[in-house]
Structure formats: C-alpha cells, structure tokens
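What follows is a short walk through one structure, from a whole chain down to single residues. Keep the sequence and the 3D view at hand while reading.

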Amino acid sequence: MTTTSIRPDGRQADQIRPLEIVQGLLHRPDGSAQFALDKTSTLAAVYGPMEIKIRDEKVDRATIEVNYKPLTGQSGVRDRWVEFNVRRTFEGVVLTALHPNTLIRIELQESRVHGSEISAAFNAATMALMDAGVPMRTIVGSVSCAIDDQGTLLLDPTEHEIETATSFHIFAFDSEMQGALFNDSIGSFTPEQYNACHEICRKSVSKIFSFMRTAVEKKLLTQVQQLQKE
Amino acid sequence: MSPATIVLPGDSAPVTATDPKQVVRLGPGLLQTEAGIQAVQAGYLANNSSGNSWWITGSKKRYVPATGEPVVGTIIARSAEYYKVDIGSAYSALLPILAFEGATKRNRPNLAVGTVVYGRLTIANKDMEPEMECYNSNSGKADGYGELKEGLVVNCSLQLCQRLLNPNTPILSLLGSKMPLDVAIGLNGRIWVFTKEPRLTIFACNAIINSEFMSQAQCQNLVHELFV
C-alpha cells in the first residue's frame with residue numbers, strides 16, 4: 001500500500017479535498033449550514049424544537065426527522081437509506097431528552113455532487129445543528145475512503161474514484177475520535193484493509209473537526225468584537 | 001468582557017468558582033456529566049460578575065421558554081378560561097383570562113384572535129405547555145404588561161432581544177433621542193414597536209434589526225441617516 005501516489009486532481013492518497021463551511025446562510029430555518037469538499041457540497045437546514053404531530057410524538061424525548069434531497073430527480077431508496085443513517089447517528093448525539101414531545105427536523109439538500117456526498121451530509125448536519133443551538137453531546141465528523149484495484153487507499157474519493165474502486169467506506173466519528181458512530185462499507189475487502197481504512201479516516205477526521213472549530217470561532221469572534229465596541 | 005473562550009458541543013468547559021464555598025450555577029448550554037462540565041452548544045463561555053454563574057452565548061433563533069421571561073405573543077385561540085398565545089416556542093402558551101390587571105369574573109378582558117400581548121412566563125417546563133400572565137400577580141398591577149395596541153411586531157434573533165434589554169445597547173436610546181417611541185421586547189425573539197406614524201415605526205423596526213452587529217458609531221450613523 002503506497003500513500004505517495006498522486007491522484008488525478010493532484011492530491012496525495014491520504015489527503016482530503018479543500019473544505020468550505022458557511023453557517024447561517026438561510027434566513028427562514030432556525031439553523032443552516034453549507035459544507036463543501038471541493039466540488040461536493042451539501043446544504044443543511046435545521047428546524048426545531050417545534051410542535052409535532054401526536055402520531056410521531058415521543059413523551060420522553062424529541063423526535064428527529066431527516067429529509068435528504070438529491071441534486072436531480074426524485075428522492076429514492078438511496079436517499080431513504082441516507083436519511084435513516086443520519087437520523088440514527090444524530091439520535092445518539094442530540095440530547096433529545098431535553099426537549100420531549102417536540103420535533104427536530106434536519107433538511108439535507110445536495111447542491112453539488114462529486115463523490116463522498118454522504119460524508120458531506122453528516123458534516124453539514126452537524127454545522128446546521130450547532131447553528132440552531134440544538135444541544136448535542138458531541139460534534140460529528142465524517143470522512144469516506146475507497147480502495148482501488150491496485151489496493152491503494154484513497155481518502156475522500158471523487159465520483160470517478162468511487163466508480164472504479166473495489167470497496168468504498170464511510171465513517172463518522174464523535175469528537176473523542178475513538179471507535180465510530182457510523183460506518184458503511186461496500187465491496188470486497190480484507191479485515192486488514194478495513195482496519196487501515198478505519199485508521200486513516202479516524203486520523204483525518206481531526207482535520208474536519210479543526211476546520212469546523214475555525215468556522216465557528218470565525219463567525220462568533222466577529223460578533224464578539226462588534227459587541228465589545230459598545 | 002474578558003477574551004472569550006469559544007466552546008463546541010462535547011468540549012469540557014473550564015468552569016471555576018472564584019470562591020470555593022460558593023455553589024456554581026450552570027445556565028443554558030452547559031451540562032454536568034461524569035467527565036465534568038461539558039458544553040452542549042457552540043458559543044462563547046460567559047459568567048456573571050461574581051463568577052459563580054456560567055452559561056454559553058451562541059446563535060439561536062428558536063425560543064425555548066424559561067420562567068419569568070417577558071414575551072411578546074399573538075393570541076391564536078380563546079376558550080372560556082384561557083387564551084392560547086403563540087410565542088414562537090414548540091408549544092403555544094396558555095394565558096388565563098383572569099391574568100390581567102383588574103380582571104374579575106364579571107369584568108374580563110375581551111381580546112380577539114390576532115391581538116398582540118406582552119406578558120411574563122409563569123410556568124415553563126419542558127414537559128408542560130408554558131403559562132403566562134399579563135400582570136404582576138404579587139401587586140396586581142399591569143407593570144407594563146397587557147395588550148399591545150397598533151404598532152408592529154418584528155422577529156429577530158434571541159441574542160438581539162437580550163442585548164436590547166441592556167441599557168448600554170445604543171440603538172434604542174439613539175432612536176429615542178430623535179422621536180418618541182414605545183417598544184416592548186420579548187425574549188422570545190419578537191419586538192413590538194409603536195410610534196405615531198407608520199412610516200417612523202417601519203424606520204425604527206428596520207434600524208433595530210439592522211443594528212444587531214453594529215458598533216456604537218455605526219448605530220449613530222444609521223440613525224443620523226434615517227433622520228436627515
């Protein structure tokens with residue numbers, strides 16, 4: 001396994017794409033964020049805690065609803081699958097017991113698609129939940145990786161790299177970066193390859209976390225500076 | 001204000017008491033866990049002057065009711081004993097018809113659906129519908145609460161409402177130096193403004209909303225330009 005090969009877009013095998021985060025860009029939702037991995041970008045909006053239909057009400061905690069909309073066409077089975085996984089992951093992260101009988105809705109919209117969209121969706125949802133001030137146990141960061149037919153591990157793969165890969169892995173971690181909150185692996189791979197994927201994603205998710213932190217700090221610091229002038 | 005510590009959910013918050021005998025109080029955004037005191041919201045860590053109350057100030061638009069807070073709401077339904085008031089939280093608040101100044105069983109206020117009221121939350125519990133009152137139940141006086149006639153209600157972020165209640169926030173005194181105006185600030189992200197002319201009311205509302213991230217000098221400029 002080599003980690004020095006150069007990929008079509010000039011990256012190293014263990015390098016993630018340039019990140020971009022914009023928080024609070026939508027006016028109407030309670031919280032919103034755009035998370036971009038270069039040409040892959042997802043927009044997230046969070047509403048809540050708000051009133052819920054009695055049918056969906058849970059008396060001891062908030063209900064989380066996730067809607068995932070693809071870039072083009074109608075949402076299908078894959079989108080339901082993403083919704084299910086994002087919901088399951090955030091049910092363990094959001095402190096739902098603090099807002100019983102309410103609904104927290106997470107809307108995810110693909111805005112540009114170029115591989116690893118599901119990781120971008122996880123990260124966008126985290127940023128939007130933070131923007132909405134929804135109480136959370138931790139923040140969630142996600143990274144994907146693929147293994148090509150040469151056995152090379154490609155971190156944060158593009159669409160083309162995923163198509164030609166023998167296996168594709170998505171991981172999501174909390175800020176402790178131990179174990180994983182979510183994992184999905186498709187294709188054929190050995191246990192050693194799986195462990196290597198887990199390890200490389202675990203290491204590189206710290207870059208996502210530190211970028212999230214920078215984004216929040218930048219947004220808040222400008223506000224504090226303005227307040228201090230008063 | 002000291003240089004702010006910025007925390008993200010899951011970070012342990014460096015909360016300390018200046019006097020070790022004092023009880024430390026945790027406000028919004030902080031939670032005590034086995035691992036210590038943890039932040040559950042993104043924002044900067046703040047504490048009061050005596051140093052034993054700590055909380056997190058971040059960005060928030062959705063109101064979560066808290067006892068004793070003043071709110072501006074709209075009546076959305078009425079029954080024999082209660083008005084139902086939309087205050088922007090997950091569930092609407094109950095306002096007893098007798099919770100007004102001078103209200104008795106014979107002399108009850110007659111407010112239509114759509115009326116804007118200014119009141120104070122008396123019950124705010126995560127498991128119950130919030131309840132509010134439009135008078136001070138200790139003195140029986142209105143204390144400025146009650147029906148808000150005419151005027152305009154605008155929505156804003158929860159942080160802006162909190163800051164407007166601070167007398168050092170410049171925008172309201174600047175506007176007040178140019179024209180007489182009535183303002184009711186609800187901590188639920190709603191502000192009611194009334195002046196004698198609709199044109200001036202809209203001016204004032206826009207100025208308040210736009211002042212959220214402005215310094216004193218910028219606010220002065222804004223108000224000056226409005227009244228050239």
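Accessible areas come from the Shrake-Rupley method with a 1.4 Å probe. By that method, chain B exposes about 11700 Å², and carbon and sulfur atoms supply 51% of this area. The model is a predicted one.

Taken along the principal axes, the box filled by the C-alpha atoms of chain B is roughly 55 × 50 × 30 Å. Of the 228 residues in chain B, 46% are buried, where buried means under 20% relative accessible area. The contacts can be sorted by distance along the sequence. Among contacts in chain B that join residues at least 6 apart, 62% are between residues at least 24 apart. As for charge, chain B carries 19 positive and 18 negative side chains. The centres of these two sets are 3 Å apart.

Which domains make up chain B? The chain is divided into domain 1 (5-57), domain 2 (70-148) and domain 3 (152-226).

An unreviewed entry lists residues 24-62 of chain B as "domain: Exosome complex exonuclease Rrp40 N-terminal". In the model, residues 24-62 of chain B are 0% helix and 51% strand, with 27 Å between the end C-alpha atoms. The annotation "domain: K Homology", also from an unreviewed entry in UniProt, covers residues 151-197 of chain B. That span, residues 151-197 of chain B, is 34% helix and 30% strand, and its end C-alpha atoms lie 9 Å apart.

T214(A) is located in helix α4 (residues 191-228) of chain A. In sequence T214(A) and I21(A) are 193 residues apart, yet their C-alpha atoms are 9.6 Å apart in space.

E57(A) sits in the loop between β3 (40-50) and β4 (63-69) of chain A. With a relative accessible area of 30%, E57(A) is partly exposed. Leaving out residues up to four places away in sequence, E57(A) touches I52(A), T63(A), N101(A) and Y91(B). E57(A) and G24(A) are 33 residues apart along the chain, and 28 Å separates their C-alpha atoms.

Methods. Residues numbered from 1 in each chain as written. Chains lettered and ligands numbered in written order. Predicted model: local features only at pLDDT ≥ 70, side-chain atom pairs only at ≥ 80, totals over all residues. Heavy atoms only, no water. Buried < 20%, exposed > 50% of the residue type's maximum accessible area, 1.4 Å probe, protein only. Contact = heavy atoms within 4.5 Å. Lys, Arg positive; Asp, Glu negative; His and termini not counted. Charge placed at Lys NZ, Arg CZ, Asp CG, Glu CD. Domains from an automatic or database assignment. UniProt positions renumbered as here; feature names shortened; annotations may be inferred. Helix = DSSP H or I, 4+ residues; strand = E, 2+ residues; numbered from the N terminus.
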